[in-house]
Amino acid sequence: MSFSTKDAILDYCKLNGIEISDDVAEKFETLSDMLLEFNSHTNVTALKTREDIAIKHFADSIAVLKYDLIKKNASVIDIGCGAGFPGLPIKMLRPDIKITFVDSTAKKLKFTNSVAEAFSMTDVETCPDRAEELVAKGKREKYDVAVSRAVASLPVLCELVLPYIKTGGCFVAYKSSIEADVNNKDSELSKAMGGIKKLGGKVEGILDASLPGTNDETQKHSLIVIRKTGKTPDSFPRRYAQILKKPL
Ligand code: SAH
């Protein structure tokens with residue numbers, strides 16, 4: 001029997017206590033078709049099978065919904081979203097949220113736009129811009145929640161993302177569990193601790209986001225939740241070259 005994206009998503013949601021209707025699960029089947037079709041002419045993902053897409057893109061993206069982090073009608077920003085991950089699957093399950101997609105590569109956002117249109121999504125904004133530049137265009141301290149996956153190492157990423165978040169809001173960084181290990185001094189999280197404080201943030205928790213069928217410790221995923229406890233000083237973000245050269 002051929003692989004069913006719908007069933008895989010329904011199973012994942014059931015296992016993780018995430019509310020989903022049959023209709024929405026069915027839409028993931030279409031999303032998978034659209035991603036494969038788009039990827040055949042514009043490279044937006046290395047994943048080629050429907051199963052990999054269902055698990056490693058869709059289920060991985062919605063892991064945040066296992067936790068009560070995104071309140072009703074929240075404003076959410078996805079930084080370095082590529083084709084729209086994790087933001088698109090989150091928006092499919094949570095039509096109440098307002099979401100802004102940011103990526104420096106405009107062609108990737110074309111996919112996000114076409115999906116938003118195909119599913120008649122409302123409250124979707126796409127910004128083809130660099131994260132460290134867009135923030136000065138009226139987006140500073142404006143979002144309840146920021147999400148980001150596979151964009152940069154955490155010390156760099158925090159400087160790109162935290163300026164967007166309101167005091168009291170949070171940043172959910174999608175990371176491998178190895179990089180989220182605060183007991184390992186070489187992990188991205190350990191290296192980011194000083195910078196997070198300077199940016200007005202505080203690590204609130206490390207949440208499990210492992211995918212079905214991952215028993216291997218090196219393959220486990222975590223969500224690093226960073227709460228914004230105060231404003232980010234206006235001197236951040238610096239220019240990208242500076243952020244890379246001297247991470248906070
Ligand atoms: N989040 C997606 C894509 C990851 S690839 C996923 O998990 O599938 C990393 C993406 O980040 C690329 O599309 C790249 O264009 C974008 N990116 C990297 N640095 C950026 C920056 N400073 N501002 C905006 N986008 C950036």
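Reader: At what angle do the axes of helix 7 (residues 154-161) and helix 8 (residues 188-198) cross?

Author: Two packed helices are described by the angle between their axes and the distance between the axes. Here the axes of helix 7 and helix 8 cross at roughly 35 degrees and come within 8 Å. Axes are lines fitted to C-alpha atoms over the stretch in contact, with angles from 0 to 180 degrees between N-to-C directions; helices are DSSP runs (H or I, at least four residues) numbered from the N terminus. This is a predicted model, where local features need pLDDT of at least 70, side-chain atom pairs count only at pLDDT 80 or more, and totals for chains, interfaces and linings use all residues. Residues are numbered from 1 along each chain as its sequence is written, and side-chain values use heavy atoms, leaving out hydrogens and water.

Reader: Which residues of helix 7 and helix 8 make the contact?

Author: Helix 7 supplies L154, P155 and C158, and helix 8 supplies E188, L189, K191, A192 and I196 (contact: heavy atoms within 4.5 Å). These residues divide into six nonpolar, no polar and two charged.

Reader: How many residues surround the ligand?

Author: The ligand is surrounded by 17 residues, the closest being G80, F85, D103, A131 and R149 (a heavy atom within 4 Å). The shell divides into six nonpolar, five polar and six charged residues.

Reader: Which atoms of R149 and T105 lie by oxygen atoms of the ligand?

Author: A polar side-chain atom of R149 is 2.6 Å from a ligand oxygen atom, and a polar side-chain atom of T105 is 3.1 Å from a ligand oxygen atom. Polar contacts here are pairs of N or O atoms within 3.5 Å.

Technical notes:
A polar contact is a pair of N or O atoms within 3.5 Å; within protein, one must be able to donate a hydrogen and the other to accept it, and residues adjacent in sequence count only if both atoms are side-chain atoms. Ala, Val, Leu, Ile, Met, Phe, Trp, Tyr, Cys and Pro count as nonpolar, Asp, Glu, Lys and Arg as charged, and the others, Gly among them, as polar. Helices (H or I, at least four residues) and strands (E, at least two) are DSSP runs, numbered from the N terminus.
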